[in-house]
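Could you walk me through reading a protein model for the first time? I would like to learn one feature at a time.

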Amino acid sequence: MRPLIILIATSLVLGGCHCKFKKVASTLGEVRVQALVTGLPYVHLGRIAPPANPDHAPVAAVATGVVNVVQGVRETEQTARIARAVDHRAVNEALVAGIGETLGDGPPFAFSPVDQGGHVMQVEVRSWGLMVPYLGAPGEFTYDLRVRIYTVDGDRVYSSSTTCTAGVGQPDPTAVVLGVVNNVAELERMSDAQITDAFSQIAYWCGMELVRKIRQHAG
């Protein structure tokens, strides 16, 4: 069964003034897209904050340390699981498809189906994985991208970054409210194909968002 993926957030970090891009965007004609995975996966499962004064609460301090060590071991195990599960080729294809189908013939320029020569949009996947802000909180798959556009002469005319996130699995609503979501269990219930599908959905949607931002910056 395909998991329910709820795309919940996108944030953009501007790469400075886009004045140069505004001047050249409409002159680029067709631009081919190149997707690269440059970062390694990660899993962050959240931690318990230590007591304000460990000397006054030694038992709590020890318990906190044990829980956090266990979380660290689980992070290593689940990072390896995600690394094995995800089919980067499928995810990259989804990313390019999201860009190509949204960009089409423009504006501000057209998508080139030819993967050689000409101007290029280079999309780097700088980091990707599972983020849990605190112990027991619902987890989020994250996909952090940097996009750069180069002319055929190698002149960089555009640069920006964006991060897309989506909820992991289908945690019980009561567990979400109470802050006791078991993210490892949610991840283990997903097959390798479902994990790849989740990242592919994020990638496709993120590609659409990139085009929307590029159009905004083109003016």
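The dialogue below takes a few features of this predicted model in turn.

Q: How much of the protein chain is buried?
A: Look at how much of each residue is accessible; under 20% relative accessible area counts as buried. Of the 219 residues here, 45% are buried.

Q: How many salt bridges does the structure hold?
A: Look for a Lys or Arg side-chain nitrogen within 4 Å of a carboxyl oxygen of Asp or Glu. The structure holds 7 salt bridges. One of them joins lysine 20 and aspartate 155, with the closest N and O atoms 3.0 Å apart.

Q: Which parts does the pair of lysine 20 and aspartate 155 tie together?
A: Check where each partner sits. Lysine 20 is in helix H1 and aspartate 155 is in the loop between strand E6 and strand E7, so the pair ties together parts that are 135 residues apart in sequence. Lysine 20 is partly exposed, at 41% relative accessibility, and aspartate 155 is partly exposed too, at 36%.

Q: Where do glutamate 209 and arginine 212 lie?
A: Both are in helix H6, 3 residues apart, about one turn of the helix. Glutamate 209 is buried at 14% relative accessible area, whereas arginine 212 is partly exposed at 42%.

Methods. Residues are numbered from 1 along each chain as its sequence is written. This is a predicted model: local features need pLDDT of at least 70, side-chain atom pairs count only at pLDDT 80 or more; totals for chains, interfaces and linings use all residues. Side-chain values use heavy atoms; hydrogens and water are left out. Buried means under 20% relative accessible area, exposed over 50%, partly exposed in between (1.4 Å probe, protein chains only). Helices (H or I, at least four residues) and strands (E, at least two) are DSSP runs, numbered from the N terminus.
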